[in-house]
Amino acid sequence: MTIKTKAYTPGPWKADEGQIRNPDGWALGSYPWGGNIADQTDRNNGELMAAAPVLLEAAIFALTELENMTTADFQRGADQRLREVLTAAIMPFIEHEKMS
């Protein structure tokens, strides 16, 4: 399977004080920041928006890998790399309980 994406500004993108910025520092979008209008959820939303290119790449990788993966492939662990890529892409957005 070959997946061709629509044109978009390549990453990595960065959430920077209310702006989503491309690698050259140009603003691509904005989210609430500072003052009384922003909270941690708004900052988390900015980080999630900035991760869009990485998340898209992980999703495309997953679809491509799964397209031809057989039951036998799963049984021998061929899905491990797929799990690693997806885990790395979403880990920054998963809330972890603190270990005591």
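Student: Which residues form that nonpolar patch on the surface?
Tutor: Met1, Ile3 and Leu63 make it up, and together they have about 270 Å² of accessible area. Keep in mind that this is a predicted model.

Student: Okay, and where does Leu63 lie?
Tutor: Leu63 is part of helix H2. Its relative accessible area is 47%, so Leu63 counts as partly exposed.

Student: What about Leu55, which helix is that in?
Tutor: Leu55 is placed in helix H2, which covers residues 52–67.

Student: Buried, partly exposed or exposed?
Tutor: Leu55 is partly exposed, because its relative accessibility is 25% and the buried class stops under 20%.

Student: What does Leu55 touch, skipping its neighbours within four places in sequence?
Tutor: Leu55 is in contact with Leu48, Ala89 and Ile90.

Student: And how far apart are Leu55 and Val85?
Tutor: They are 30 residues apart in sequence, and their C-alpha atoms are 9.6 Å apart in space.

Student: Switching to charges. How many salt bridges does a search of the whole structure find?
Tutor: Four salt bridges turn up. One of them pairs Arg83 with Asp79, with the closest N and O atoms 2.6 Å apart.

Student: Where does Asp79 lie?
Tutor: Asp79 is in the loop between helix H3 (71–75) and helix H4 (80–90).

Student: Is Asp79 buried or exposed there?
Tutor: Buried: the relative accessible area of Asp79 is 9%, and anything under 20% goes in that class.

Student: What else does Asp79 touch, not counting residues up to four places away in sequence?
Tutor: Met69 and Phe74 are the ones Asp79 touches on that count. The side chain of Asp79 also makes a polar contact with the side chain of Arg83, at 2.6 Å.

Student: Why is Arg76 called exposed?
Tutor: Arg76 has a relative accessible area of 61%, and exposed means over 50%.

Technical notes: Residues numbered from 1 in each chain as written. Predicted model: local features only at pLDDT ≥ 70, side-chain atom pairs only at ≥ 80, totals over all residues. Heavy atoms only, no water. Helix = DSSP H or I, 4+ residues; strand = E, 2+ residues; numbered from the N terminus. Buried < 20%, exposed > 50% of the residue type's maximum accessible area, 1.4 Å probe, protein only. Contact = heavy atoms within 4.5 Å. Polar contact = N/O pair within 3.5 Å; in protein donor to acceptor, adjacent residues only side chain to side chain. Patch = residues over 30% accessible without salt bridge, like charges linked within 9 Å, V, L, I, M, F, W, Y side chains within 5 Å. Areas by Shrake-Rupley, 256 points an atom, 1.4 Å probe, with all protein chains shown as cover. Salt bridge = Lys/Arg side-chain N within 4 Å of Asp/Glu carboxyl O.
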